[in-house]
Amino acid sequence: MTYAQFLLTFVLVPVGVLAFAVRRRVGRWWLRGLPIVIFLAVTYTGPWDHFIISEGVWGYPPGRIWGPTIGLVPLEEYGFFVLQTTFTSLLLLLFLPAGHATAQGPAPQSHPSPNASGVGNRGQK
């Protein structure tokens, strides 16, 4: 089994199933936040993987990957970072209560104060 086949079978399929399951809960905050979290995951994990590959902790046999790499890290591994981060964020949506602020946006204030900033409140009780 190649790494791409592994990703397709054990990561991409579950991401697709989970995305379908929570499709009505995906809100603008999730859509805006996911690329940021993916960026953080890739920029943190890519150099880490490069280091442990260079140290011989693990590797990727040439016949099991497509071939192209960024540093020593195969493209499929970057695909894993993206898919796993997406899966985890979809799992969060699955377990959050319906209408939670993380999924749909900030929760509306039920009793907004007339001057929430505190400006002009000196001496008032």
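Predicted model: local features only at pLDDT ≥ 70, side-chain atom pairs only at ≥ 80, totals over all residues.
Helix α2 covers residues 28-54, helix α1 covers residues 3-21, and helix α3 covers residues 75-95.

**Geometry of helix α2**

- Helix α2 is made up of 27 residues and spans 40 Å between its first C-alpha and its last, which is close to the 39 Å expected at 1.5 Å a residue.
- Within α2 there is a kink of about 25° at L34, and this position comes shortly before the proline P35.
- Just after α2 has ended, G56 adopts a positive phi of about 80°.

**Buried positions and contacts**

- The buried residues in α2 are W30, L34, I38, A41, G46, D49, I52 and I53, so that L34 is listed here as buried as well as being the site of the kink.
- T86, which is located in helix α3, has a relative accessibility of 13% and therefore counts as buried, because the cut-off for that class is under 20%.
- When residues up to four places away in sequence are left out, T86 touches V15, L34 and I38; of these, L34 and I38 are among the buried residues of α2.

**Surface patch**

- A nonpolar patch on the surface is formed by M1, F6 and F10, which together have about 320 Å² of accessible area.
- F6, a member of this patch, lies in helix α1 and has a relative accessible area of 33%, so it is classed as partly exposed.

Note on methods:
Residues numbered from 1 in each chain as written. Heavy atoms only, no water. Helix = DSSP H or I, 4+ residues; strand = E, 2+ residues; numbered from the N terminus. Expected span 1.5 Å × (residues − 1). Bend = angle between axes of the 7 residues up to and from the residue. Buried < 20%, exposed > 50% of the residue type's maximum accessible area, 1.4 Å probe, protein only. Patch = residues over 30% accessible without salt bridge, like charges linked within 9 Å, V, L, I, M, F, W, Y side chains within 5 Å. Areas by Shrake-Rupley, 256 points an atom, 1.4 Å probe, with all protein chains shown as cover. Salt bridge = Lys/Arg side-chain N within 4 Å of Asp/Glu carboxyl O. Contact = heavy atoms within 4.5 Å.
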